[in-house]
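I would ask you to keep the sequence and the model in view while I go through the helix packing and then some local backbone features.

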Amino acid sequence: MFNHNRFLNYLKCQLFQLIEINKHSIIFLIFVLLKLTYYYLMRRTINLRKGLNLNLEGALPDNELKAELVPERVAIVPDDFPGFLPKLDVKEGDAIKAGQPLLHDKNDADVKLVSPAAGTVEAVVRGARRKIERVVVKVSGTEKVTLQSAMTGADRVKALLKESGLWAMMRRRPYDIVPQSGDVPRDIFVTAMDSAPLAPSLYAMVKDKQQALVSGVKALSLLTAGSIYIGVEKDSGFPDVPGAEIVEFPKLHPAGNVGVQIANIAPVNKGEVVWTLDVVTLVRIGELMDTGVVDCSACVAVTGSEVRQPRMVKTLIGAELDTLLKGEVKDDGRTHRIISGNVLTGVTEKLDGYLHYPYRHVTVIPEGDDADEFMGWASLSPQKMSVNRSFLGHFLNRTFNPDARINGGRRAMIMSGEYDKVFPMDILPEYLLKAIIAKDIDRMEALGIYEVAPEDFALAEYVDPSKLELQKIVREGLDYLRSEV
């Protein structure tokens, strides 16, 4: 006769024996499940559909350092730091150490810009109305300033950041300017990816500096009651950092722009302030907190179709471009455009110019002033790069070698909807730009000007059929709004 109780007891015994035999496997399985649960709870993945990747010739073959170059001169350019009103702390001929202040802010004397290298102040270059355009330091020696503070907590962090020059390497929204001393940021956003054309991997620059990442997040967490977000490229392998929330984005430009990341994580509303920085600056902050010394080295990608061998080099902040490009630019008889930065947001420089903030990219492309082609900009050649389906190049999966010509004349703004196709923010870019041009403050505020920075419009400027200088318009609009509100 079948006994149900005896059968159930038998099953219990078998189950317990199975668990005892495989307890290590079960524990491992539970650990994996907990790890996956943590990953998906702590890491958000945001998918963007709007954007555009430009496939240009001259990309890095890899992100490994190929050389270390010590420049003869370095320079700090105050215009690279919006909102910073420079006042000199040195004069020509002064001997200085790396990390010693060159300039301070007229509105906040505690905020400094420091020398990236030890040496002698060679020149203070002034422009119209004696505006300071740059301070040039001739490099010699290796002496560094060690910073200390008797303060504790958030006050110590602020004091060290201001004295080291790293405060000026952060930005605040609204206005995209250097943070103000009285700011209480709602959140702090760190971008650990650069999706711009030919840009280097930011993670590759900091992958061996996990402790500095942790120390940097720990320091910044003292300055905000909100969250610290780190935007990373999806599947990049970027590690978890205690105290920060990792948010993954696809490598679709402009996903690497911190403004796009803010808009898709926690948008900025009127009356709120957030701070932004890149992961390289975060590492510098961490190393400063641990050692008291600011790291003024910079990993720079030298790229572009007119570079013989694109490569990653290690140099100093503000290095002269002649050192980085010596022997690297093709001798093909063409006029070259040298850009400190990427082709969308960089600053045009001469060979005797200097590396501009954020000090990580140089691009060399043809100027185009010697171009002589059939039908000019309207050519149907498959060599032409285009986002428009009217051109054959749009359908070819290849790299292109464009020059610096704008391929058309400037005209009134055309309400074509082209901006919106590459603008992954909940903003109407065309209407916002019109409000900025009209200096209509109420409309600017209603249309989201507090969320944007000039770089957010760089891709829209590229696809603009009207050839307007959208980044310049946005910068002027932000400056006007700040002066009036």
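**Helix 5 and its surroundings**

Let me begin inside the fold. In helix 5, the buried residues are Ala212, Leu213, Ser215, Gly216, Val217, Ala219 and Leu220. What do the buried residues of helix 5 pack against? They pack against helix 3, which covers 153–164, and helix 7, as well as strand 11 (188–191), strand 12 (228–233) and strand 14 (274–278).

Before I continue, a word on the model itself. This is a predicted model, and the protein chain has an average pLDDT of 91, with 91% of the residues scoring at least 70. The exception I would point out is residues 36–40, over which pLDDT stays under 50. For that stretch the model has three contacts beyond four places in sequence. Where pLDDT is low, predicted coordinates should not be read in detail.

As for the overall architecture, the protein chain contains 13 helices and 19 strands. Its C-alpha atoms fill a box of roughly 105 × 65 × 50 Å along the principal axes. Of the 485 residues in the protein chain, 49% are buried. Taking contacts between residues at least 6 apart in sequence, 68% join residues at least 24 apart.

I return now to helix 5, residues 210–220, and its contact with helix 7, residues 279–291. Their axes come within 7 Å and cross at roughly 85 degrees. Helix 5 is therefore roughly perpendicular to helix 7. On the helix 5 side, the contact involves Gln211, Ala212, Leu213, Ser215, Gly216, Val217, Ala219 and Leu220. On the helix 7 side, the partners are Val279, Leu282, Val283, Ile285, Gly286, Glu287, Met289 and Asp290. By class, this contact of helix 5 with helix 7 has ten nonpolar, four polar and two charged residues.

Helix 7 also meets helix 3. Here the axes come within 11 Å and cross at roughly 110 degrees, which means that helix 3 is roughly perpendicular to helix 7. The crossing of these two helices is right-handed. Helix 3 contributes Arg156, Val157, Leu160, Leu161 and Ser164, while helix 7 contributes Ile285, Leu288 and Met289. The contact of helix 3 with helix 7 comprises six nonpolar residues, one polar and one charged.

Leu222 touches Gly153, Ala154 and Val157, leaving aside residues up to four places away in sequence. Leu222 and Asp155 are 67 residues apart in sequence, and their C-alpha atoms are 9.0 Å apart in space.

Turning to another region, helix 10 (residues 429–438) packs with helix 13 (residues 470–484) at an angle of about 55 degrees, the axes being 9 Å apart. Helix 10 and helix 13 are therefore oblique to each other, and helix 10 passes helix 13 in a left-handed crossing. In helix 10, Leu433, Ile436 and Ile437 meet Leu470, Ile473, Val474 and Gly477 in helix 13. Six residues of the contact of helix 10 with helix 13 are nonpolar, one is polar and none is charged.

**Backbone features**

Most residues other than glycine have a negative phi, and most peptide bonds are trans. Which residues depart from this?

Asp176 has a positive phi of about 55 degrees although it is not a glycine. Asp176 lies in the loop between strand 10 (171–173) and strand 11, and with a relative accessibility of 14% Asp176 counts as buried. Lys439, which is not a glycine either, has a positive phi of about 55 degrees. Lys439 is in the loop between helix 10 and helix 11 (441–446).

As to cis bonds, the peptide bond from His253 to Pro254 is cis, with omega near 15 degrees. Pro254 is located in the loop between strand 13 (245–249) and helix 6 (258–265). The bond from Tyr357 to Pro358 is also cis, with omega near 10 degrees, and Pro358 is in the loop between strand 18 (347–349) and strand 19 (361–366).

Thank you; I welcome your questions.

Technical notes: Residues are numbered from 1 along each chain as its sequence is written. This is a predicted model: local features need pLDDT of at least 70, side-chain atom pairs count only at pLDDT 80 or more; totals for chains, interfaces and linings use all residues. Side-chain values use heavy atoms; hydrogens and water are left out. Axes are lines fitted to C-alpha atoms, for helices over the stretch in contact, and angles run from 0 to 180 degrees between N-to-C directions. Helices (H or I, at least four residues) and strands (E, at least two) are DSSP runs, numbered from the N terminus. Angles under 35 degrees count as roughly parallel, over 145 as roughly antiparallel, 65 to 115 as roughly perpendicular and the rest as oblique. Contact means heavy atoms within 4.5 Å. Ala, Val, Leu, Ile, Met, Phe, Trp, Tyr, Cys and Pro count as nonpolar, Asp, Glu, Lys and Arg as charged, and the others, Gly among them, as polar. pLDDT is the predictor's confidence in each residue, from 0 to 100. A crossing is left-handed if the near helix is turned anticlockwise from the far one by less than a right angle, and right-handed if clockwise. Buried means under 20% relative accessible area, exposed over 50%, partly exposed in between (1.4 Å probe, protein chains only).
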